[in-house]
Number of protein chains: 2
Amino acid sequence: MIRIGEFSKMAQVSVPTLRYYDQMGLLKPIEVDRFSGYRYYSVNQLPRLHRILALKGLGFSLEQIGEALDDGLTPEQMRGMLKLRHAQLSQELAEMQSQLLQVEMRLQQIEREDTAYDVILKPVEPLLIASVRAILPTHSAVGQLFKEVYEGIGPYVDEALGPCPGAGGTTLVLWYDTEFKDRDVDGAAAFMVRCRVPDRGRMRVEVLPAVTVASAIHHGSYDTIGEAHEAVIRWVDAHEYRIAGPDREINLYNKPPIRRDDPTYITEIQYPVEKI
Amino acid sequence: MIRIGEFSKMAQVSVPTLRYYDQMGLLKPIEVDRFSGYRYYSVNQLPRLHRILALKGLGFSLEQIGEALDDGLTPEQMRGMLKLRHAQLSQELAEMQSQLLQVEMRLQQIEREDTAYDVILKPVEPLLIASVRAILPTHSAVGQLFKEVYEGIGPYVDEALGPCPGAGGTTLVLWYDTEFKDRDVDGAAAFMVRCRVPDRGRMRVEVLPAVTVASAIHHGSYDTIGEAHEAVIRWVDAHEYRIAGPDREINLYNKPPIRRDDPTYITEIQYPVEKI
DNA sequence: GTAAACCCTCAAGTAACTTGAGAGTCAAGA
DNA sequence: TCTTGACTCTCAAGTTACTTGAGGGTTTAC
């Protein structure tokens with residue numbers, strides 16, 4: 001019969017924690033005084049407390065621990081729990097390592113005094129687009145394809161692009177080359193559309209699949225957009241991802257891109273990626 | 001001017017999260033309708049949101065992110081934050097690896113169908129003890145030293161051991177050998193005492209320093225206590241700790257140890273350790 | 001008898017959201 | 001003009017494993 005304070009010292013566990021374990025039903029005192037409410041423990045409970053602490057050390061939640069202790073689980077079940085936990089831990093470990101890498105990259109970026117682009121990973125949903133793809137003399141020539149896309153949509157403009165709500169009508173550019181080129185580049189101009197309309201001329205309607213992308217946002221003239229691309233590509237390399245599809249330049253500014261050097265433009269660069 | 005739903009889709013961030021960021025002052029809409037309360041955002045806010053997500057990806061708290069964004073910090077400050085975070089991450093990573101190791105060990109233990117001892121790491125406070133140390137023919141001979149300790153305390157028994165509360169009077173055994181021995185072992189029998197009393201004969205009063213110990217609880221006869229020792233030592237080896245001082249067998253059962261094979265005994269095995 | 005040390009039961013706070021209830025707003029179609 | 005459905009609002013509660021604090025009873029030692 002030991003009072004809570006001494007039991008707490010024996011096991012190096014705080015008193016409120018013991019009370020909490022009582023409340024949770026993890027470790028009930030052998031006796032509770034009916035009048036004073038004092039909790040009384042026994043040394044026989046130390047092994048149980050010890051086991052709780054050991055399982056907690058393995059990273060299990062109190063709920064899991066409670067179940068494990070109450071169900072008097074077989075070694076087989078214990079093995080299952082541990083295997084599961086092992087898998088979880090491995091994954092968290094990998095995430096952490098990648099986070100560490102990211103921090104290191106960021107530091108390097110500062111050392112190099114680079115413009116710091118914020119590259120993040122995110123999932124994007126499938127996207128229905130109407131596009132015209134062509135081999136272009138230079139990157140800047142892609143602008144001229146938008147007119148062709150628009151005309152390709154022709155009579156369906158209202159249904160396909162619609163009014164503001166929904167992403168219908170947003171423009172984007174796709175680049176298909178897998179290596180860097182300066183001329184004769186393979187690109188496409190596209191509109192997001194809200195419904196499938198018939199192909200016409202060089203205009204094709206297709207679905208860009210759901211993918212995970214590494215994304216950065218470029219603020220300002222198109223002339224310096226190369227830096228943003230470079231930043232994302234470096235990020236992808238460093239994090240053991242590989243590029244898995246044409247990259248996208250999404251025009252987040254609502255006006256169509258007319259002057260290439262408008263400093264108020266906002267463009268999102270997305271590279272579909274997959275883990276190596 | 002974009003409503004919250006569309007902004008949420010653009011950035012792949014949930015609507016409640018955006019509202020939460022607003023509430024936290026991390027990302028305020030450019031306008032809030034005075035009557036409807038509707039939040040309106042602008043594409044110009046995407047870079048800020050992007051930066052928030054990037055910093056969150058590095059593991060910073062929203063509070064830290066808020067400060068960083070509002071203080072328009074210098075690259076130097078950013079470097080400081082990142083260095084700090086780097087250190088934190090490295091440490092967490094190490095902890096996780098050790099946890100993973102622990103889980104693996106536990107699995108192995110099950111494969112071997114070992115009795116599972118629950119080994120945990122915990123800090124213990126400095127301990128004042130009265131002890132008699134000697135070279136003993138066998139481990140079991142340590143019991144005979146307790147009488148000598150008790151007599152050494154002699155007239156101070158009441159102050160030193162006192163009544164129940166406080167750990168005074170608890171008995172423990174210390175083993176000083178750094179390698180395993182079967183005979184001529186260097187051990188001590190000790191009482192925890194509540195005040196310093198004069199040495200007498202072979203009885204010495206000393207302070208066991210505060211250390212971190214790897215600890216297991218053995219339930220039952222002393223004759224099988226070797227298994228518990230083995231379990232702790234294996235744990236210490238596997239976790240890249242080294243033994244840093246004599247190990248302790250603490251008698252948690254209140255009666256003095258008279259019959260070695262009493263199956264109701266409870267003993268805690270503690271090995272002081274330090275990280276390699 | 002009293003003071004110190006100990007114990008009790010609430011309740012609130014932590015981080016970063018998610019979920020749900022209940023109610024108001026807006027755009028498009030009938 | 002009305003309705004429908006999609007969208008939005010606020011507010012409260014839940015999540016984990018505790019810690020901290022308020023306010024008040026109990027034991028023990030002198």
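Tutor: Let us begin with the term itself: a cavity is a set of grid points where a 1.4 Å probe fits but cannot get out, and its volume is the space filled by probe spheres set on those points. Rolling a probe the size of a water molecule over the atoms shows where empty space is left. Please bear in mind that this model is predicted.

Student: How many cavities of 30 Å³ or more does the count give?

Tutor: The count is 3.

Student: Which residues line the largest cavity?

Tutor: From chain A, the lining includes Gln102(A), Met105(A), Arg106(A) and Gln109(A), along with Tyr117(A), Val119(A), Ala231(A) and Trp235(A). Helix H5 (75-111) and helix H8 (225-238) of chain A each supply at least two lining residues, and H5(A) gives the most, with 4 residues.

Student: What is the make-up of this lining by class?

Tutor: It has 7 nonpolar, 2 polar and 1 charged residues.

Student: Which residues line the second largest cavity?

Tutor: Ala54(A) and Leu58(A) belong to this lining, together with Gln102(B), Met105(B), Arg106(B), Gln109(B), Tyr117(B), Val119(B) and Trp235(B). Helix H5 (residues 75-111) of chain B provides the largest share, 4 residues. By class, the lining of the second largest cavity has 6 nonpolar, 2 polar and 1 charged residues.

Terms used:
Residues numbered from 1 in each chain as written. Chains lettered and ligands numbered in written order. Predicted model: local features only at pLDDT ≥ 70, side-chain atom pairs only at ≥ 80, totals over all residues. Heavy atoms only, no water. 1 Å grid on protein atoms, 1.4 Å probe; cavity = no way out; pocket = protein on both sides within 12 Å on 5 of 7 lines; lining within 4 Å. Nonpolar A, V, L, I, M, F, W, Y, C, P; charged D, E, K, R; others polar.
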